[in-house]
Amino acid sequence: MVRTCTTTSHQGLNKRRVPPNVRFEVDDVEADWTYHQKFDYIHCRFMGIAIKDWPKLVRQSNEHLQPGGYAEFIDLDLEWTSPDGSLTEDHASLKFNQEFRKASRAANAEPCPGPLLEGHLKDAGFEDVVTQKYVWPVGTWPADRHLKEVGAWNYLQIMEGLEGFTYALFTRQLGYTQKEVEVICANIRKEMKDPKMHAMFHLYVFDFQPSPFLFCPFPSCSGTDH
């Protein structure tokens, strides 16, 4: 059986080395879905502040699944915390996180969809929702080997993407100047090198089927990613 995969993105993608059964579409996943076929698998991951209307996205996902189809949503709760109180109000990193969430919501985008998704899924008619919650450390401070590796990768993506996460939201929504954002980013980078600061946030994974039909193989799938 030849399986086909339709992947939706808001921007063009590098199509080199793309398998012949994968099709990319540049589209707005929040617009009305106009697919002529239904899907056996829908995967939505890390859409975070890209989505304005989560209930609509979840509802359309349900409506476009085949009977017995399978769906998976993966997203974050970006509220930073620490297991031992080592992240405090004195930290620039915590202030940044608070301001980031404030700016995102000012832009009508939810920065912490993870803990809200279960309610959206059940409201949309999904049944047998299985929720998994994972710790995402910021840095290599955990003693656990796996969490240490996760924290290292998380640290890297935050350090490399800090300005990209910050400039537009902080200047447009909160009125920060470019210089003020640069100072914030510099302070965060300095703090994140401190092994005594045990920052973390959470990842949520939701797996479910929309109806009690038996699960069937995947002749086709649809994915949304950010």
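What percentage of the residues in the chain is buried?

Modeller: This is a predicted model, with residues numbered from 1 along each chain as its sequence is written. Local features need pLDDT of at least 70, side-chain atom pairs count only at pLDDT 80 or more, totals for chains, interfaces and linings use all residues, and side-chain values use heavy atoms, with hydrogens and water left out.

Of the 226 residues in the chain, 45% are buried (under 20% relative accessible area, 1.4 Å probe, protein chains only). The chain has five helices and seven strands (DSSP runs: H or I of at least four residues, E of at least two, numbered from the N terminus). Their order from the N terminus is β-β-β-α-β-α-α-β-α-α-β-β.

Now the core. A nonpolar core is a set of buried Ala, Val, Leu, Ile, Met, Phe, Trp, Tyr and Cys residues joined through side-chain atoms within 4.5 Å. The largest one holds 29 residues. Trp80, Phe96, Val138, Ile158, Phe170, Met192 and Phe201 touch the most other members. At least two residues each come from strand E4 (65–81), helix H2 (92–106), helix H4 (145–173), helix H5 (178–192) and strand E6 (200–209). H4 gives the largest share, six residues.

Take Trp80. Leaving aside residues up to four places away in sequence, Trp80 touches Leu87, Ser93, Leu94, Asn97, Val138, Ile158, Met192, Ala199, Met200 and Phe201 (contact: heavy atoms within 4.5 Å).

Across the chain, 74% of the contacts with a separation of 6 or more join residues 24 or more positions apart.

Terms used: Buried means under 20% relative accessible area, exposed over 50%, partly exposed in between (1.4 Å probe, protein chains only).
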